[in-house]
Amino acid sequence: MKVTVNDSCIACGACESVCDVVFSVEDKAVVDEGAIAGNEDCVKEAADCCPVNAIEIA
Ligand code: SF4
């Protein structure tokens, strides 16, 4: 799974709330790529929670 955050991110913090092991939010959400394996379910949940659909999963 490849996870990226596009420029639509408004740094709302929702992804970090549901999946803080993978996402951290400063001026925009940052993905810890090394933490994705084993946490795919919460990554998908975070993508669903993002209000601007900024989380792209490939
Ligand atoms: S939920 Fe979406 S808009 Fe909010 S911080 Fe995460 S990536 Fe950015």
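Colleague: Why is Ala54 called buried?
Modeller: Ala54 has a relative accessible area of 1%. Buried means under 20% relative accessible area, exposed over 50%, and partly exposed in between, with a 1.4 Å probe and protein chains only; Ala54 is therefore buried. This is a predicted model, in which local features need pLDDT of at least 70 and side-chain atom pairs count only at pLDDT 80 or more, while totals for chains, interfaces and linings use all residues. Residues are numbered from 1 along each chain as its sequence is written, and side-chain values use heavy atoms, with hydrogens and water left out.

Colleague: Where is Ala54 placed?
Modeller: Ala54 belongs to the loop between α2 and β4. Helices (H or I, at least four residues) and strands (E, at least two) are DSSP runs, numbered from the N terminus. The C-alpha atom of Ala54 is 9.1 Å from that of Ala29, a residue 25 positions away along the chain.

Colleague: What makes Asn53 exposed?
Modeller: The relative accessible area of Asn53 is 59%, so this residue counts as exposed. Asn53 is also in the loop between α2 (40–49) and β4 (55–57).

Colleague: What is the phi of Asn53?
Modeller: Phi of Asn53 is near 50°, a positive value in a residue other than glycine. Most residues other than glycine have a negative phi. Ala11 likewise has a positive phi, near 55°, and is found in the loop between β1 (3–5) and α1 (14–18).

Colleague: Why does Ala11 count as partly exposed?
Modeller: The relative accessibility of Ala11 is 30%, which means that the residue is partly exposed. Asn39, in the loop between β3 (29–31) and α2, is partly exposed as well, because its relative accessible area is 23%.

Colleague: How do you know that the buried residues of α2 are on the same side?
Modeller: The buried residues of α2 are Cys42, Val43, Ala46 and Ala47. They cover an arc of only 145° around the axis, which puts them on the same side of α2. The arc is that of the directions from the helix axis to the C-beta atoms. Asp41 and Asp48 are exposed on the other side of α2.

Colleague: How many cavities of 30 Å³ or more does a search of the whole structure find?
Modeller: The search finds one. On a 1 Å grid over the protein atoms alone, a cavity is a set of points where a 1.4 Å probe fits but cannot get out, and lining residues have an atom within 4 Å of a point.

Colleague: What volume does the largest cavity have?
Modeller: The volume is about 80 Å³. Grid points are joined across faces, edges and corners, and a volume is the space filled by probe spheres set on the points. The largest cavity is lined by 14 residues, of which Cys9, Cys12, Cys15, Ala29 and Cys50 are the closest to its centre.

Colleague: What takes the space of the largest cavity?
Modeller: The ligand takes that space. A molecule sits in a cavity if more than half of its atoms lie within 2 Å of its grid points. The ligand is surrounded by 14 residues, and the closest are Cys9, Cys12, Gly13, Cys15 and Cys50; a residue is near a molecule if one of its heavy atoms lies within 4 Å of it.

Colleague: How do the residues of the shell around the ligand divide?
Modeller: The shell holds 13 nonpolar residues, one polar and no charged. Ala, Val, Leu, Ile, Met, Phe, Trp, Tyr, Cys and Pro count as nonpolar, Asp, Glu, Lys and Arg as charged, and the others, Gly among them, as polar. The lining of the largest cavity also divides into 13 nonpolar, one polar and no charged.

Methods:
1 Å grid on protein atoms, 1.4 Å probe; cavity = no way out; pocket = protein on both sides within 12 Å on 5 of 7 lines; lining within 4 Å.
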